[in-house]
Amino acid sequence: MSIDLELLLRDVPDFPKPGIVFKDIMPLIADREAFQHAVDSLVEFAEPLKPALVVSAESRGFIVGGALAYRLGCGFAPARKPGKLPWDTVRAEYELEYGMDALELHRDALSHGAAVLVHDDLLATGGTARATIDLVERLGGLVVGAAFIVELDFLDGRSALEGYEVHSLVHVTGAT
């Protein structure tokens, strides 16, 4: 079955600030067949990488990340905004296309040498994914790949992930 996932993305102009066109995946994940297709397609990419853990960035990354971990038969760890995790954490700050942010991961989220799949809903400038990778590697994890639903090719976020296997389901080639 082939589903054009791009047709289920909603453009939200001027969010979170003027000049940004936000790519909203909520219509895609609300559609049962599209959601299943997206998860199945990401599993097809990730399964040969044999991850022991999926680490996803807050917050939309959690939705598919949890489903990926379940389907891959591995664990899941959330990379959250500062102050949201109740245990000892490590922190990475990063630049977004519209400002600065940070992510934290529990210090005991993964074992040394664990194979980790990094997942987020969207790859834009690469800042969030790069911060997630940095957190995993600081804890001794081995990033085996990075998987996204949407990649904004015109922002060249993939260059921030050079040296890692990157897979995206939808490629947006120009600003909308």
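The dialogue below takes up a helix and then some backbone features.

Tutor: This is a predicted model, in which local features need pLDDT of at least 70 and side-chain atom pairs count only at pLDDT 80 or more, while totals for chains, interfaces and linings use all residues. Residues are numbered from 1 along each chain as its sequence is written, and side-chain values use heavy atoms, with hydrogens and water left out.

Student: In which helix does Ser41 lie, and is Ser41 buried or exposed?

Tutor: Helices (H or I, at least four residues) and strands (E, at least two) are DSSP runs numbered from the N terminus, and Ser41 belongs to helix α2, residues 32–46. Buried means under 20% relative accessible area, exposed over 50%, and partly exposed in between, with a 1.4 Å probe and protein chains only; Ser41 counts as buried because its relative accessibility is 18%.

Student: Which residues is Ser41 in contact with, leaving aside its neighbours within four places in sequence?

Tutor: Contact means heavy atoms within 4.5 Å, and with those neighbours set aside Ser41 is in contact with His167 and Leu169. The buried residues of α2, among them Ala34, His37, Leu42 and Phe45, have a cover that includes α1 (26–30), α3 (60–72), β7 (115–123), β8 (142–152) and β9 (166–172).

Student: How does the span of α2 relate to the expected one?

Tutor: The expected span of a helix is 1.5 Å times one less than its number of residues; α2, with 15 residues, reaches 21 Å from its first C-alpha to its last, close to the 21 Å expected. At the start of α2, a side-chain oxygen of Asp31 comes to within 3.2 Å of the backbone nitrogen of Glu33, a polar contact being a pair of N or O atoms within 3.5 Å, where within protein one must be able to donate a hydrogen and the other to accept it, and residues adjacent in sequence count only if both atoms are side-chain atoms.
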